[in-house]
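Subject: Handover of a structure and its findings

Dear colleague,

Please find below the structure that I am handing over to you.

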Amino acid sequence: MARNRIYQEEEFPSPLVQSWHYFRQNKVVMFGFGSFVFLFLLAIFSPVLTPYSSFENNLDHLLVPPAWDVNGDVSFLLGTDNLGRDMLSRLMHGASLTFGLSFVVVIISLLIGVFIGSISALTTGIKSIFLNHFLDVILSIPSLLLAIIIVAILGPGLGNTLWAIVLVLIPQFVHITKNAVKDEFSKDYVLASRLDGANSFRILSYSIFPNIIEKIIRQATLAQSAAILDIAALGFLGLGAPIPLPEWGAMLSNGLDLFYIAPWTVYLPGLAILFSVVATNLVGEGMRHALKQSKEN
Amino acid sequence: MLTFTLRRINLLLITIFLLTLVSFSLNFLFPGDPLVNLSGRINPTPEQLLILSEQYQHNANFFIQYWTYLQHIFKGELGVSMASRLPINSEIINLLPATIELSMTALIIAMCIGIPIGFIAAINHKKITDNIILTIAMLGYSVPVFWLALVAILVFSIQLNWLPSAGQISLLYEIKHVTGIQFIDILLSDSEYKWQAFQNASSHIILPACVVALAPGTLFIRLARTAMLDVLETGYIRAAKAKGLSFTQIIYRHAIRNALINVIRHVGLQFANLMTLAMVTEVIFNWPGIGRWLIESIYQRDYTAIQAGLLVLSSFIFIVHILTDFIYAALNPLARDSKHGT
């Protein structure tokens with residue numbers, strides 16, 4: 001597209017800004033991004049926004065169906081569960097547990113994984129071969145299975161689940177960072193700054209990271225959708241968050257016995273998980289598309 | 001092909017070595033006495049403990065301990081289960097076939113439905129069909145599998161009453177356990193109700209297999225679509241077009257074969273994903289497989305069962321992985337050796 005040049009200076013957008021430019025063009029992706037931001041804000045502000053506490057029992061209102069049902073009550077918009085706890089409040093609190101914690105988990109494993117990955121990209125020889133084989137083995141074991149094993153070692157509980165998922169996600173970040181850094185290192189601009197006398201650390205932080213950050217962000221979105229599903233699955237299996245906590249997976253397994261009488265206690269948390277995973281995946285898809293387009297141009 | 005085979009077998013051996021190392025060190029990582037975790041004999045008397053430490057060379061150094069552990073595995077002694085007090089290898093032999101049956105059926109369903117739809121999407125690239133298929137695929141791999149299983153039970157078993165909701169076969173049919181794979185056992189048995197039993201068993205497997213197949217199936221859609229798009233851009237397709245072949249001829253004669261190879265390459269990796277989904281689904285559908293057994297062992301803190309189950313399950317996943325690599329190499333000369341053209 002031809003641009004009117006008002007000013008003399010040439011502007012060169014950074015790779016991240018470039019990707020954002022392509023990212024913005026797709027409406028569906030922007031919807032996903034909006035939902036992602038919405039969930040993020042909900043995760044932070046849910047304690048202020050919720051109408052009821054997530055543990056408060058309303059014993060006069062047990063198993064009230066959602067408000068659109070004939071027997072519904074508008075003061076409990078999405079109904080109540082078997083202990084009379086407001087579903088809407090629990091779902092909102094659940095956003096900070098399932099979605100918010102998965103975000104934290106991804107950030108932690110991203111930092112550790114990128115650190116190990118960039119160091120291992122600089123090493124060569126037998127150490128690197130060993131690491132490669134080890135990563136291949138770890139990556140071939142599915143994340144949920146690995147998380148279940150680590151939980152078996154650490155013992156059930158929400159905190160242990162989170163550590164397990166952090167450990168599971170690290171190899172993926174190591175793998176992607178290592179490959180990306182290696183690719184960049186063979187390019188000419190890196191050679192140029194090496195000839196200028198820059199050491200490896202400087203090259204990494206000033207030349208390479210700005211160029212691979214979109215790849216890492218894309219991996220982070222993939223990791224987050226896996227993390228949400230894993231936290232929820234472990235909660236559902238009773239290995240993660242304990243039942244009284246409003247974690248979406250645990251809420252689902254709590255509603256299991258009353259599934260046939262009160263289906264909304266099961267399908268609402270499921271829809272919440274689905275919504276957050278779809279939002280995260282849409283952001284990841286948009287990222288992938290933007291990366292592809294900026295590569296083509 | 002020989003170098004390729006040797007390389008794969010080498011990879012398999014290294015991986016299984018690493019896996020045994022992991023499962024061996026799990027005994028030390030789990031809470032409790034490593035010797036008890038290893039053998040599964042809870043509350044041993046001092047005499048028993050002495051015999052056990054003799055058996056597992058517990059007082060020798062780490063390498064000899066590991067070597068003895070390997071010898072036990074090769075003899076098929078995986079200890080006894082802490083919960084049921086049965087030898088673990090017999091439990092695994094009973095349970096693993098059911099899991100293989102479920103996961104293979106799901107894999108076949110996922111491939112037979114996913115791959116053609118992916119091709120259709122690629123042929124209609126950037127049209128409305130493509131977008132609809134992509135949207136469905138996105139939803140498909142975002143659905144949490146346990147929730148999908150519950151909704152499927154609610155709709156198809158409870159409301160419509162079409163399919164049974166739990167188990168492998170109705171208890172009315174008495175099928176002798178020969179291979180463990182239900183369908184083969186039924187065909188081998190000489191019951192006069194063979195045909196009814198077969199129908200019953202297939203109506204039991206449809207629902208769990210479809211639930212397991214959904215997420216891998218949608219991933220196959222995406223893989224097939226990408227593979228087909230890549231193939232349609234290559235030179236030989238352009239050459240075929242220039243030759244004057246019609247679009248259907250190009251697709252059927254050239255594109256599908258070449259795209260299919262690239263999809264098969266990813267089957268191994270998808271299978272690992274599929275096994276995890278199968279584990280969770282087994283819990284919900286009460287399927288008598290190894291996944292449900294493993295998760296129950298975690299509830300019961302049956303550490304011997306956990307480490308043995310992990311070893312068997314991940315070796316199984318990896319063997320399938322290597323097998324698909326072989327199939328891929330057999331179909332695609334390029335993968336065997338880079339000499340065959342570029």
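What percentage of the 297 residues of chain A count as buried? The share is 45%, where a residue is buried if 20 or more other C-beta atoms, placed from the backbone, lie within 10 Å of its own.

Please note that this is a predicted model, in which local features need pLDDT of at least 70 and side-chain atom pairs count only at pLDDT 80 or more, whereas totals for chains, interfaces and linings use all residues. Residues are numbered from 1 along each chain as its sequence is written, while chains are lettered from A and ligands numbered from 1 in the order in which they are written.

Chain A

Chain A contains 10 helices and 0 strands; helices (H or I, at least four residues) and strands (E, at least two) are DSSP runs, numbered from the N terminus. Its C-alpha atoms fill a box of roughly 75 × 55 × 30 Å along the principal axes. Among contacts in chain A with a separation of 6 or more, 71% join residues 24 or more positions apart; two residues are in contact if their C-beta atoms, placed from the backbone, lie within 7 Å.

The contact between the chains

Chain B contributes 31 residues to its contact with chain A, and chain A contributes 30. On the chain B side, α1, α6 (128-142), α7 (145-159), α12 (267-285), α13 (290-299) and α14 (303-331) each supply at least two residues. That side comprises 25 nonpolar, 6 polar and no charged residues. Here Ala, Val, Leu, Ile, Met, Phe, Trp, Tyr, Cys and Pro count as nonpolar, Asp, Glu, Lys and Arg as charged, and the others, Gly among them, as polar.

The domains of chain B

An automatic or database domain assignment divides chain B into domain 1 (2-74) and domain 2 (96-336). Their centres, taken over C-alpha atoms, are separated by 33 Å. Domain 1 of chain B gives 14 residues to the contact and domain 2 of chain B gives 13. Helix α1 (residues 2-29) of chain B gives the most to the domain 1 side, with 10 residues.

Two helices of chain B

In α13(B), Ile290(B), Trp293(B), Leu294(B), Ser297(B) and Ile298(B) meet Ala305(B), Ile306(B), Gly309(B) and Leu313(B) in α14(B). The residues of this contact divide into 7 nonpolar, 2 polar and no charged.

Yours sincerely

Conventions:
A residue is buried if 20 or more other C-beta atoms lie within 10 Å of its own, exposed if 12 or fewer, and partly exposed in between; C-beta atoms are placed from the backbone.
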